[in-house]
Amino acid sequence: MSEKHISNAIRCVGVDDTTIRLFEGQYPVPNGVSYNSYVILDEKVAVMDTVDRRGTVSWMRNVEEALAGRKPDYLVIQHMEPDHAGSIGLLAEKYPDMTLVGNAKTFTMFPKFFPGEYTGRQITVKEGDTLSLGSHTLHFVMAPMVHWPEVMVSYEDSEKVLFSADGFGKFGALEQEGEWLDEARRYYLNIVGKYGSQVQALLKKAAALDIQTICPLHGPVLRENLGYYIGKYDLWSRYEPEEEGALIAYASIHGNTAKAAGLMRGILEEQGCRKVSVMDLSRCDQSAAVAEAFRYGKMVAMSSTYDGGLFPPMDQFMAHLRDKTYRSRRVALIENGSWAPSAAKHMRTFLEGMKDITICSTVHTIQGAVKDSDIEAMKTIASQLLAE
């Protein structure tokens, strides 16, 4: 048995995509992404999800190799997003006797992507339903809005495997596999993170299962120390800070705000902040900045004024935070403007629309270059930000 497979019966047939540059058209993936799919071989054969059309040819080859001349009895559709459902039509055409397994919402959404005739080829399942393959049995668990309304996960009881759909996934092709946490955090907070309450509901269901292996639709199969991965998901979905520390997120036009950000880092460190992350919003990946904002409990937002409003990189960052349900954090505001400064007002408007955000009482305006008086004000702001 290849090391990449779960067991003799459960085979990994997914593919890596190392040529994609933007996942979902917006998230940079310098190390690519994997589209995972699995085949369960028993008296009956089940294929667990398909892959993006970008990987169809290689995936079909993997499926046929795993089948070794057999034909699949079932295709279990856990998620209709095209990066997982994109090859359904081709598989269904190749194996016309194969039955499609999904829930009611799956098949409501299905014709929007696959308008062909599939009448008589569908089994609709609901919470708690099972599908026997022989010695393997799939138990279906509904996971609506993690992160689409039709999502479900499947638990195979004989080998204690959770097929977790997009849950526990990460960016990065498997052939370029790196450390799990940073890219899993960026993946979760930007794609799934808005739906924390729904993730909490799924985690409660999962707690009742004896899970020994997690098979996500992106990233590596997880086999050891599962409590670590589940613990991260629990923390992220409760919107609690992951580490003690602060993010300085800045948007600078001519470099003065950038200089102030560097000085602010030193001030926070001098006042005992354990870890300070600094991100230039004009140059960094916005999804990485969002992940860092959620990682820590405190943030300093520093922006130049631009056309009477926010400099666009900060405006985009604040909009991303709002859309991803940034909450339960302490934030300090510093603006820069040589005439009619208004960046802080606009940042405050964003933040006041978020839940449980504490904004430090001192909001400082730098006018052009950083001066000694600005440094003194930043020291005051730092003490307010770090106050318990």
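Guide: Two strands pair if DSSP finds at least two bridges between them. Strands (E, at least two residues) and helices (H or I, at least four) are DSSP runs, numbered from the N terminus. The model is predicted: local features need pLDDT of at least 70, side-chain atom pairs count only at pLDDT 80 or more, and totals for chains, interfaces and linings use all residues. Residues are numbered from 1 along each chain as its sequence is written, and side-chain values use heavy atoms, with hydrogens and water left out.

Visitor: What stands opposite Val-161 in β15?

Guide: Val-161 stands opposite Thr-213. Three bridges join β14 (residues 161-163) to β15, and these strands run parallel.

Visitor: What makes β11 and β15 edge strands?

Guide: The open sheet has the order β11-β12-β13-β14-β15, with mixed pairing. Strands β11 (130-132) and β15 (213-215) each pair on one side only.

Visitor: Why is the pair of Tyr-188 and Tyr-233 called edge-to-face?

Guide: Rings of Phe, Tyr and Trp (its six-membered ring) pair if their centres lie within 6.5 Å; planes under 30 degrees apart count as stacked, over 60 as edge-to-face and the rest as tilted. Here the centres are 4.8 Å apart and the planes stand at 65°, so the pair is edge-to-face. Tyr-188 lies in helix α5 and Tyr-233 in helix α7 (residues 226-237), so the pair ties together parts 45 residues apart in sequence.

Visitor: Why does Tyr-188 count as buried?

Guide: Buried means under 20% relative accessible area, exposed over 50%, partly exposed in between (1.4 Å probe, protein chains only). Tyr-188 has 0% relative accessibility and therefore counts as buried. Tyr-233, with a relative accessible area of 3%, is buried.
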